[in-house]
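The sequence and structure come first, then the notes.

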Amino acid sequence: MFNIRARMSTIYSRILLFNILLVIILSLAPQLVYIHYFSSAYNQEINRQSTQDVSKLKYAVDETILDRVIRLVNIYFSDIPSNEVLAYPLTHDISGNGFKIAEVSNFLTDIPYKLNFLQSVEVWYTAGNIYINDKYNSYLDSEGSRKSLDEEWINVLRTMNTPNRWLPPRIIPPLNTSVITYLSNIPLIDSLANRQAVVAINIKESAIHNLIQSSPTDGETLFIVDETGKVLVHSDSQQVGQNFSQKDYITSLLHNQDAGTFEASVDGVQSVVSYAKSKYNNWKYVSVISIDTLYQKSKQLKHYLLITTIILLTVSLLFSIYMTHWANKPMRSIIQTIRNLGQSDGQEQAGKNEFTMLHQVMDRVSHTITDLNHQMETNKPIIRDKFIMRLLQGDLDQSDPQVVNMEKVLQLPFDREKTACMALKIFGTEGIGLKNEMMIQYSMLQQVEELGDYGLCSTMDNAGHIIVILNYSHVLDKVQIHNSISGQMKGKFVLGFGREYDHAYSHIAQSYTEACECLNYAFIMPAESCISYEDLAIAQRKDHGSGLQIIEQLSVAVRNRNQEMVASILDILRKGLVSGRYHIDFCRNTVFDAISIIRTTAIAMDIDLERFLGYDIRDYGRKMDNVADLTDWLTGVAVQIMDFHTADATEDDPGTALERQILAYIEQNIYNEISLSSLSEGIHMNSSYVSRIYKSVMGSNFSEHVAGIKMKHAESLLRESDLSIKEIAAKLGYTSPRYFANVFKENFGCTPKSYRDSLGS
């Protein structure tokens, strides 16, 4: 009797101990591993985000501002017919020709209107010793002109002894605007003794400041310093102009390589400093964020996870003890049965019960492990797709052990020496659904795998292109791959190949970028369905041409109802872009300039084009796949306009025609700064003549008329958009929201805020 009870107690103790250990192993150990992995991954992501903020700022400033500023000199001072106004004084003394000087001054005035980050452009011509800017012009040798000039600034232009130079922020009249100036000799690469001019391009410091203000995360400080440690732009505008060269961390980054991240004490606070060097000058883009701020969220998450783990473990242990005790109750009823059995039978039955319970526990463990494996396999395609996208974007470090382990878990076939990316764009797939798109992707991969020994992985990027990473050892047969895909594709497609590289994560990202670039160039290569990056020879392509002169004739042809001339101009434009070896950006801009001219001409001819056609031709044109289809469609639009407006063409009143032209130009440029000079150039008339007759034609003077139109747009934006009053003022060209509110009140009798509040009521 005592032996039986002791045996039952032993079984209960063993089961209880086993259940407790099992709960601890299955609950605590994976949670601790997860907390450690999650914390490490989160910290790495935070560090990467800090570096990414600097990279984004560098790209935003370098590509949208500095690159365009540097190229301005080549664009406007090169020896081509459209630049004759600015290029003529390079070799001719115009000091005695007031008309030529006025022409240059007017031309310089128009440049900042096209690039809203520019304040002004100034030129000092060595021939005739003439200084001209966009506000006034002066003869430097004239005693009267010197009184209105800043002699110190003129000496800076005269004595510049380097091909080009970037100046720190300075204040220029008449609005006391802070600008950063780029100086360039013309010609740039010739000796200084042979220079013909010095160009000063003044960039609004506020334009770069706005880019910085829109970039940082919470607690982060972004700024730009030059090679001397002087602050050019800072997220705190009060720091602009300060010299940080005495700060230890600034000294370190000024003497370090082009980019990097390090920890340092910044104003007594231990911080993470990330920096990157501009590719156009010696500026350094810098991000500073305190370590406590950087890792605060990570520490909080770790604490929350630990507390949650302890609570769940405690509940699991209590539940395990209760269930073990509850499951042991039926075993007590067996004791009475065991009393009536023989000793041997009792021992055999107890052993059998103990084995049965242990077997049940092992079954539960087995089922749990099976469920976890099933969940892992179910989510593996999603994890694999995200891993491949980060790989294409260059966000993964190939030397990171966790990344290497993830590559093995996801079974990515990167075991060969060479790598390349190809991108597939399929036309006419809108509305077929994600399932059918995935079937196309799977079918294409299967076809490529059958062609040779390729390691393949694929995904679909944000633009809807199917991207394939090829890993191989032999020669990549692009023709064979293209022919295979062509055999299974029923519709139109374009296949782009990036260059072949030695296998590395960074090379995969580069090849992906090149493959996508091939798809962009398909716009001007309508006959090609397979494009290789090497064949594009992008470095040899031109970024300007004579397309603008051809397009300017388009408006005249439409106004004259000359359908043959319109078709001829657009055909010449298409052929020139296809065969001219131009950059794709230039080609797209040229075509969309043609669309804008057709639209502006229709407005001038008193045609509401959106209502007439039923759509906006600008939006429709952006959806066109290639330049051939686009120019054919645009020819048809022009023909419809000419057919619609053939009647009463000769009876049009000159004053009414001029009124339509003025209204069309103002409506087209309402969100830009409009001057009487830019209006005159836009409608191809003399500015003095337009100024003289403006009030008689339009019924009010120029400034009042433009302000009235802007107020109508302001009312519409307040009523139909979610833009703030400050954003609406800036959109309509008002630098001061207070002045905008005063003008609005004069027109509508209430402030913009009161007007918007009244709409809600």
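**Cavity and helix packing**

The largest cavity is lined by Leu72, Tyr76, Phe77, Ile111, Val121, Val199 and Ile201. A cavity here is a set of points on a 1 Å grid over the protein atoms alone where a 1.4 Å probe fits but cannot get out, and lining residues have an atom within 4 Å of a point. The model is predicted: local features need pLDDT of at least 70, side-chain atom pairs count only at pLDDT 80 or more, and totals for chains, interfaces and linings use all residues. Residues are numbered from 1 along each chain as its sequence is written, and side-chain values use heavy atoms, leaving out hydrogens and water.

Cavity
- The count is 1 cavity of 30 Å³ or more, and the largest cavity holds about 30 Å³ of space.
- Helix 1 (2–77) and strand 6 (197–204) each give at least two residues to its lining; helix 1 has the largest share, 3 residues.
- The lining of the largest cavity has 7 nonpolar, no polar and no charged residues.

Helix pair
- The axes of helix 16 (residues 563–579) and helix 20 (residues 627–644) come within 10 Å and cross at roughly 165°.
- That angle makes helix 16 roughly antiparallel to helix 20 (angles over 145 degrees count as such).
- On the helix 16 side, the contact (heavy atoms within 4.5 Å) includes Gln563, Leu570 and Arg574.
- On the helix 20 side, Thr631, Met642 and Asp643 are among the residues in contact.
- By class, this contact has 11 nonpolar, 3 polar and 2 charged residues.

Technical notes:
1 Å grid on protein atoms, 1.4 Å probe; cavity = no way out; pocket = protein on both sides within 12 Å on 5 of 7 lines; lining within 4 Å. Points joined across faces, edges and corners; volume = space filled by probe spheres on them. Helix = DSSP H or I, 4+ residues; strand = E, 2+ residues; numbered from the N terminus. Nonpolar A, V, L, I, M, F, W, Y, C, P; charged D, E, K, R; others polar. Axes fitted to C-alpha atoms, helices over the stretch in contact; angles between N-to-C directions. Parallel < 35°, antiparallel > 145°, perpendicular 65-115°, else oblique.
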